[in-house]
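This report describes the protein chain shown below.

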Amino acid sequence: MQEVRNSNTVEITEERAERVVLAAVEEGITESTGDMSHRMDELESLAKACYMEPVGMVIQRLETVNKGLYMGAGKVQELKELCVRLEADLVVFNNSLTPSQLRNLQDLLDVPVMDRTTLILEIFESRARTREARLQVETAKLQYLLPRLVGMHEALTRQGGTSGSMSSRGAGEKKLELDRRKIEHRIAELQRELKEITKEREVQRSRRNKGRLPLVSLVGYTNAGKSTIMNAMVDRYAAGEEKRVLEKDMLFATLDTSVRRINTGDNRDFLLSDTVGFIHDLPHSLVKAFRSTLEEIENADLLIQVVDYSDPFYEEQMKTTAQTLSELSAGHIPMLTVYNKADRREGASYPRTVGDKLFVSAKEEASLDLLVGEILEKIYADQVEGEFLIPFQRGDIVSYFMENAVILKREYKEEGTLLLVKCHPADREKYRSYLTETGGNDAEGKIE
C-alpha cells in the first residue's frame, strides 16, 4: 500500500505497479536498428506480462558490450539520471548479465537491476499453477542463481585471520559456501520430486499409447494462438467448460501442458496437447527444467506449429521455434505449419492450404474445419481398408471395430456381420483370419 499525504488528509491507495526502465546494448555499430526495436518491444511485453509498468527506455550501440558495466560509463550515468527523473523502481536489461555486471550496475544506479533471464523466470514463477510447474520453475531459478553467488557479496568474501593460518576462511566465505550448499541440496530435493512426477507422467503416457490414439502437439512462439486453437477444438469436439485452458493475449499466459481428447466422429479421435510457448533466448535452464513436460512434444505423432502471421517478425519467431525443437530432439516429427491470425494481415487469403502450410483465423469455424481435416489426413494416413466377415458369436470383435475403426459398410449375412472398415494396419493383421477374399485374405477358415 502507498500513503498519499496532503495538508488535511492521509489517503491510502492501492499499491502501484513497479515502474521500470528498459535498457539494452546493440552490438555492432553498423547493424540495422529494426531488429533491436523489435527486441525491445518484446522486452516491454515481457515486463507487462510480469505486471510491471515500462516508463522509459535506453539503448546504446557499441561494437562490444562493456565487460564490467555492460554499457559505457557515460550511458550508465544517463540511465541513472533517467531513473531518478521517472521515479523508476527497477531497471530491466535485455540480455543476461554476469554477476560482476549485475553488482556494478546496482552500485552505480542505486536501484535494483534485473536481466532478461531473471524477468522470464519471474513470469514463469507467477504463472505456475500445478505442483510440477512450480517445482520446475524453482529448479530453474536456483540453477540460474547458483553460479552467480560467487562475487555477488563482495563484503562477505573477505578473508579473516592471520596470514597463512589454516583457519583464514572468513565469515563471508563460510556464508557463501553455506548458501551454495543449501541451494545444491534444494536442487537435489526438487529433482527427486520431479523424477517421481515424471514416472507418473510416463505411466499416463503408456496408458494412452495402449489406446493407440495419435498425439498432436501444438507448438510455437508464445502468444501465437495455441491456446485459442486448443479451446476452439475443445468447445466443438470435447464439450465441457472445465476442459478449456487459459487463453489470454499475453506472453506465457499458460505454462502447464494440457492434453485433451478430441472426438471428431468416425472413430478418428486424437489427443491434442498445448505446451508452453517458446521465445527468443529462452533460458536454457527453463528448457532443461521443463523437459519432462515438453516430452509430450517428443512423443507426438504430429506437430502443429502455430505462427502469428500478423507479426512482422514471424519468420524470426519460426527460426526460434525450430531451434528449440531441435534442442528437444523433436525436429524429425512431421509438422503442419499454421499461419494463424490471418484475419489481421492485410490482403491475406484464408482459410487455405499450400502444401503443409495452412492460413487460418483460429476463431472462425471454416478455419477450424480446414485444420482438423488436415490433421486427420496426416495422422490417419496409414489406415488400411479391410472387409471382414465376423461370426455372430464374436460380437466383441464387431464392437472393437465400431469403436476403433471407420465403418464404411455394415451388413448382416447368414454367416455373420460383414464389415468394410478403415483401420490401423495392426488391427487388420490381428483379425486377418476374418478377412473376406475381397478383403485381401482367403475366406477359408474365417468362421470359428
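This is a predicted model: local features need pLDDT of at least 70, side-chain atom pairs count only at pLDDT 80 or more; totals for chains, interfaces and linings use all residues.

## Other salt bridges

How many salt bridges does a search of the whole structure find? The search returns 22. One of them is formed by the side chains of Arg131 and Glu193, with an N to O distance of 3.0 Å. This pair also links distant parts of the chain, with Arg131 in helix H5 (residues 131–145) and Glu193 in helix H6 (residues 171–210), 62 residues apart. Arg131 is partly exposed at a relative accessible area of 45%, and Glu193 is likewise partly exposed at 25%.

A further salt bridge brings together the side chains of Glu429 and Arg432, again listed at 3.0 Å from N to O. Glu429 counts as partly exposed at 46% relative accessibility, as does Arg432 at 33%.

## The seven-stranded sheet

Seven strands make up an open sheet of mixed pairing, arranged in the order S8-S9-S7-S10-S11-S13-S12. Its edges are strand S8 (258–262) and strand S12 (352–354), each of which pairs on one side only. On average, neighbouring strands of this sheet are turned by 25° against each other, direction ignored.

Strands of a sheet pair through backbone hydrogen bonds, in either a parallel or an antiparallel manner. Strand S10 (residues 302–308) and strand S11 (residues 335–340) run parallel and are joined by six bridges. Within this pairing, Val306 stands opposite Val338 of S11. Helix H11 (residues 365–379) lies across strand S7 (215–220), strand S9 (270–274), S10, S11, S12 and strand S13 (357–359). The helix runs at about 150° to S10.

## Backbone features in loops

Most residues other than glycine have a negative phi, and most peptide bonds are trans. The loop between S11 and S12 contains Lys341, a residue with a positive phi of about 60° although it is not a glycine. Is Lys341 buried or exposed? With a relative accessible area of 11%, Lys341 is buried. Pro351 is found in the loop between S11 and S12 as well. A cis peptide bond joins Tyr350 to Pro351, with omega at about -10°.

Glu87 also has a positive phi, of about 55°, and is not a glycine. Its location is the loop between helix H2 (73–86) and strand S5 (90–93). At 56% relative accessibility, Glu87 counts as exposed.

## Nonpolar cores

In soluble globular proteins, nonpolar side chains tend to be buried together. The largest nonpolar core of this model has 67 residues, of which Leu79, Phe93 and Phe252 touch the most other members. Leaving aside neighbours within four places in sequence, the contacts of Phe93 include Ala23, Leu43, Tyr70, Met71, Leu79 and Leu105. Val113, Met114, Asp115 and Arg116 are also in contact with Phe93.

A second, separate core comprises 28 residues, among them Leu272, Leu336, Ala362 and Leu376.

## The chain as a whole

The protein chain has 13 helices and 16 strands. It comprises 448 residues, of which 47% count as buried. Its accessible surface comes to about 23200 Å², with 47% of that area belonging to carbon and sulfur atoms. When contacts between residues at least 6 apart in sequence are considered, 66% join residues at least 24 apart.

Conventions:
Residues are numbered from 1 along each chain as its sequence is written. Side-chain values use heavy atoms; hydrogens and water are left out. Helices (H or I, at least four residues) and strands (E, at least two) are DSSP runs, numbered from the N terminus. Buried means under 20% relative accessible area, exposed over 50%, partly exposed in between (1.4 Å probe, protein chains only). Contact means heavy atoms within 4.5 Å. Accessible areas come from the Shrake-Rupley method with a 1.4 Å probe; for residues, only the protein chains shown count as cover. Two strands pair if DSSP finds at least two bridges between them. Axes are lines fitted to C-alpha atoms, for helices over the stretch in contact, and angles run from 0 to 180 degrees between N-to-C directions. A salt bridge is a side-chain nitrogen of Lys or Arg within 4 Å of a carboxyl oxygen of Asp or Glu. A nonpolar core is a set of buried Ala, Val, Leu, Ile, Met, Phe, Trp, Tyr and Cys residues joined through side-chain atoms within 4.5 Å.
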